[in-house]
Structures are given as structure tokens and as C-alpha cells.
Amino acid sequence: MEHVIVACLNGLVVGASIALVAAGLALLFGVLGILNFAQGDFFMIGAYILWLSVRQGISFWLALVIAVVVVGLVGGLALMGALWPLRDRPQALVLLATIGFSLIVEQLAAGLVGADAKPVAAPIGMRIAVGGTQYPAYDLFVVLAAALVLAGGFLFLKYMRYGIWLRAVAQNQRMASALGLPVPRIYAVAFVVSAALAAVAGSLLVPLTGVYPTVGLDITLNAFIVVIAGGLGNFRGAALIALGLGVAESLGSIFIPGAGVQVAVFALVILLVIGRARLRPVTVRL
Amino acid sequence: MLEIEDLHAFYGRSHVVQGVSLRVEAGEGVGLVGHNGVGKTTTLKAIMGMGPRTAGRIAFAGRELRGPAHRRARLGLGFVPDAEAVFADMTVEENIRAAAMVHRNGDQQACLDAAYALFPMLEARRRQFAGTLSGGEQKALTLARGLALKPRLILVDEPSEGLMPRNVDVVAQALHKAIEQGIGVLVVDASFQLLKTVCRRLYVMKQGRITGAYGLDEFPTADRLVGAYLTGGER
């Protein structure tokens, strides 16, 4: 029983971070139709900035804010700058550009700070008694923080000016433009928010995983699965499926040995995609 | 308010609009009529900066109009397209607010109230997704949304197309009211009922050119207008 509870909690932690990355992917795809293969790098840079800041003696919490703001603004806008000239070109070109962007960033990171994993201590050392075991309080905090950020993102899309405009641009960009909505600025907001979401996940997870150049790889792969399964561009669907996926994988690994879990998950995703293939094209939805 | 001189518009190699000149004053309703495919919609899109390559002069409120559509819209130029224009996965209210929010300090509730006063059928459905509305309701919503931008002049494409006569009246009254508030209206439409409520003058377009400008009082009956220049004209 104990290890089932622990597996569930572990799954929630993983699922929450996948959800953050996936929400960013869904946003960018929904608004701009861009499948961003550099999303994992925003995750990784966020982690590195946190590690660097903490090493400079900055408190963990402030470092977290720095990481998110820097990745959101610098990373998001840099990617937008790279993709902007391609906005009227075939999608495949844009896709390749995000892969190129990703490779450059990864190599830079490996060259600058080395490929070995760097640890950062969790800012909350406490453990909480859950179902007969002691579970690290920080891990639970990660879940809570992710939930709050996602709820914030949902409220942003639902009620805020740029949130409503993001959805409008996603659904009919030409019409949005004809109504005076500042399309380039709305693009920029999508890029910044999307990158910042990945950075939140990346920096929150540092105390659990450490930092290394490919730290974002696994989670991004999972995030892509989630976004595809949830319906590309579906913000809430992506978040919910991410949590489900995290828990399912974690629980499954108790009962199914080795890579069996991954195989089962992929099989499930393929079924979902086939089921969705007949649905209408997607835009950013809540 | 809007002055167009020798406007040409192209889609690829096809020369759709071939030297159109026209004028719309503030608080004036002007109609643009003609057969299908003569370039009426393309003219509107060219004015709005939405697609076709253009040449010629478009002056709006004393300034040359150029740049992307959203800049033109912010100068006070509204656009109501003929089809597939609502944000389908957003509610009726969100559709209107998206436009109203362009004015940073605008009173959004006042915008919504004004829209619902013009189109009571929208208020009943304000929390419904726009994609679930009937064709007529979607037409009303596009018009309400266009007006929520508080334009100084609005370009309206086929507002009565596919509407029941009773709803044509609702739309015509909404445009008439906009004109009374000093908004200029350039409307492409084929309904005599709508044109006579909204417009004071008419331009007739044939094969990319304006072939005549008339006062609406020159057409006492629908038959005269339709017979001469609209659907029955060249049969």
C-alpha cells in the first residue's frame, strides 16, 4: 500500500511538470500552429539559470523568479525573432528552425557549463508523513505550484485582455487583425508565456533531478505525447492528461517491468490520436 | 472621411479592381452594388489591407492608409466580413469584448450594452459559443463586434445575405443608427430593403470599375435598381 501511495505522489510530481511544459506547447501550437521542438531547452535553460543564481548566493525563490523571467523574455523573444521571418513560409521550415534553435542552445549550454549533472538542494527540507511514509514536502510543493501556475494560465486565457486576444488570433488571425488586435504583440505574448511555463517546470524540478544539458528531453517527449493526445492547442486537456499520464506511468512501473510501461503508454496515445483524427482542426481552447 | 482614388487590387496576376474611385463622408451611408465577382469584396479588403496587392491612393480622415489591417483598424476603420468571421470557440460576449478591448480605457460594459440594445437576440445567447449560433445570429454578432471597435467608418460586406426579411430590418436599423451617430458606412449588399434604409448614395460596379454613381432617390422601386444593375441586369 505504501509504495502505491508513493508511486501516486511521484506520478503527480512528474505529471505536474509535464503539464507545465505541455501547456506551453499547446499555447504556441494553438495560436501560431508552431510545434516548438525547443520547448525542452527553455526547460533546461530555466534549470541552469536557477543553478547559476543559487551558486551566486541568491536565494532559491528569487532564483526561481529570475529563471522564469529571463527565459520567458529572452528565450521566448529570441525564438520569436528566429521564427518571425518564416511566418509566411511552409510549416516544415518553421519546425526545422525550432529544431535548429534547440540544437544551438543545447550545444551552448554543454559548452559553457559542462555536461555533468549539477545538484541544487531543495529549499524546503521538511518531510511530511503520508500513508505511513515520510514524503518530501518540496515534491508536494512542486505539484501545488504547478497547479497554481496552470490555474493562473487558465484564468489569463479566460478573462484577461491578452488571453482573450490570444484565443481570437488562434481562431481567425485575419479577422483579429481587421478588428485592430495588435497581432505581432499577441504573438510575442504567446512566445513569452510559453517559454516561461517551460522555465517554471525546469527550475522547480532542479532539486529533484539536478541540471544537465539534456535534462528537458524526457519531459518534453512526454509533453508532446500529452499535447497530441489532448488535442493540439487544448490547454486544459493537456494539463489534465499530463497528470493522468504521470500517475499512470508511475503506478504502472510497479506492476509492469522495464520498458513495458512506455510501450503501453505509446499504444494508448496512438489509439487516442486515431480517435481524434476525425475531429475538427484545433485552436486554443479552454 | 474616406477618399479612394484610382484604386487597383490584384490577386496574383488577376487584376480584380481596376481603378476604383469613391468617397464616403462621416455620417453617410454609401452602397456599393453590382454582380457577383465584379470586385466589391476585394475593394473592401483592399481598403482594409487584408490580402490583395494594391496600387492607388486611399485616404482616411486626411491620412494615407497603409500598413497591416490592425493599424488601419486602430485609426477608426471597421470591417464586417460576409462569412466565417466569428471566433467560433469563444462566447458571444467574448467576441464583442475582444474588439471593445482595443480601447484600453473603454467602458466594456457600455459596449456590450450597446451591442445588446441593437441586437437583443445576442443578449439571450451571450454565454453561448459563437460557433453554435444560427447564420443570422452570426451575422448580427459580426456586425455588433465591428461596431464595438467604435469605428469612425465601417466597411460592411453583404450584411443581409441569407437573412430572413425581419432580420434584414434589424441589421438595416443597426447600420442606420450607426450613421445617425456620425459613423460613415460603406456597404456592399443586394437587398433593396437594406440599401434604402441605410444609403443615401450608390456606386455601381462592373468588371472591376465603377460605372455609375447615383442618389438612392433615383431608384423609387426595387425593380428599377435590380432591373438595371443587380442580379437581372445583364441577363
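Predicted model: local features only at pLDDT ≥ 70, side-chain atom pairs only at ≥ 80, totals over all residues.
Residues are numbered from 1 along each chain as its sequence is written, with chains lettered from A and ligands numbered from 1 in the order in which they are written.

In chain B, six strands form an open sheet with mixed pairing, in the order β6-β7-β8-β3-β9-β10. Strands here are DSSP runs of E with at least two residues, helices are runs of H or I with at least four, and both are numbered from the N terminus; two strands pair if DSSP finds at least two bridges between them. At the edges sit β6 (77-80) and β10 (209-215) of chain B, each pairing on one side only. Direction ignored, neighbouring strands are turned by 20° against each other on average. Strands β3 (residues 29-33) and β8 (residues 184-188) of chain B run parallel and are joined by four bridges.

Two helices meet this sheet. Helix α1 (residues 40-48) of chain B packs on it, touching β3, β6, β7 (153-157), β8 and β9 (201-206) of chain B, and its direction makes about 145° with that of β7(B). Helix α7 (residues 165-180) of chain B lies across β3, β7 and β8 of chain B, at about 150° to β8(B). Axes are lines fitted to C-alpha atoms, for helices over the stretch in contact, and angles run from 0 to 180 degrees between N-to-C directions.

Over in chain A, β1 (residues 127-130) and β2 (residues 133-136) run antiparallel, joined by four bridges. R127(A) has P136(A) as its bridge partner. Two residues lie between the strands of this hairpin, where G131(A) takes a positive phi near 50°.

Helix α9 (residues 217-230) of chain A is mostly covered, with 11 of its 14 residues buried (20 or more other C-beta atoms within 10 Å of a residue's own, C-beta atoms being placed from the backbone). Among them are F224(A), I225(A) and V226(A).

Finally, 22 residues of chain B are in contact with 18 residues of chain A (C-beta atoms, placed from the backbone, within 7 Å). On the chain B side, α2 (69-74) and α3 (92-100) give two or more residues. That side divides into 16 nonpolar, one polar and five charged residues; Ala, Val, Leu, Ile, Met, Phe, Trp, Tyr, Cys and Pro count as nonpolar, Asp, Glu, Lys and Arg as charged, and the others, Gly among them, as polar.

How values were computed: Buried ≥ 20, exposed ≤ 12 C-beta atoms within 10 Å, placed from the backbone.
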